[in-house]
Amino acid sequence: MKKWIIWLLIGIVILAAVLWGPLMSNVEQAKYDVIETHGSIEIREYTPMIVAEVSVSGDREKAISDGFRMIADYIFGNNISSQKVAMTAPVTQQGSKADWVVRFVMPSGYTMQMLPKANNPEVSLKEITGKRFAVIRFSGLAKSNSLETHTKELKAFILAQDLQAVSKATYAFFNPPWTLPFLRRNEVMIEINR
């Protein structure tokens, strides 16, 4: 009898771990319309948005971690009005080997005037116009080799479709770090001409 209860509890803990990441990822996401779909690649038209961003130096994984912490600190209330701002998805990262820009999209109900100013001068708010992106979606751990592989695949698609890239690749992450790899949503996005 006791053995059965132990196995039931283990099963509940495992189920909770499997579901926790996707449930915690159920937040407002950046708004877009899908224009075309080609397998795991989509052409998307994004609406204008406001982002909170920081510039961070260092390797990619350390930069996303440091940038995330600074912006999370802002939305959790470290701002001039101590106002909390809802978490959204994705968290994005764009840059090169040593210099990165990390961004959170602000909830769509806010204007620049409504958002509080950050106490940390490294966190800034920025309005982004509507843009068109080619996007490839994948699951798993977003390690550098996986990001490079998917970026190459997306660039090959852009070339084959005779599209014109107008930005470097942006990496988008949708889930908390405790999400099981096969349940994660990651994307590589490259802005293209309309």
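Colleague: Which strands each supply at least two residues of the lining of the second largest pocket?

Modeller: In this predicted model, local features need pLDDT of at least 70, side-chain atom pairs count only at pLDDT 80 or more, and totals for chains, interfaces and linings use all residues. Residues are numbered from 1 along each chain as its sequence is written, and side-chain values use heavy atoms, with hydrogens and water left out. The strands are β4 (49-57), β6 (91-95), β7 (99-105), β9 (131-138) and β11 (186-192); β7 gives the largest share, four residues.

Colleague: What makes a run of residues a strand or a helix?

Modeller: Strands are DSSP runs of E with at least two residues, and helices are runs of H or I with at least four, numbered from the N terminus. In the largest pocket, α2 (60-75) and β5 (88-89) each supply at least two lining residues, and the largest share, six residues, comes from α2.

Colleague: Why is a space called a pocket, and not a cavity?

Modeller: On a 1 Å grid over the protein atoms alone, a cavity is a set of points where a 1.4 Å probe fits but cannot get out, whereas a pocket is an open set with protein on both sides within 12 Å along at least five of seven lines. Lining residues have an atom within 4 Å of a point; the largest pocket has 25 of them, with F68, F173, N175, P176 and P177 nearest its centre.

Colleague: Which residues lie nearest the centre of the second largest pocket?

Modeller: They are T92, R103, I128, F133 and T170, from a lining of 22 residues.
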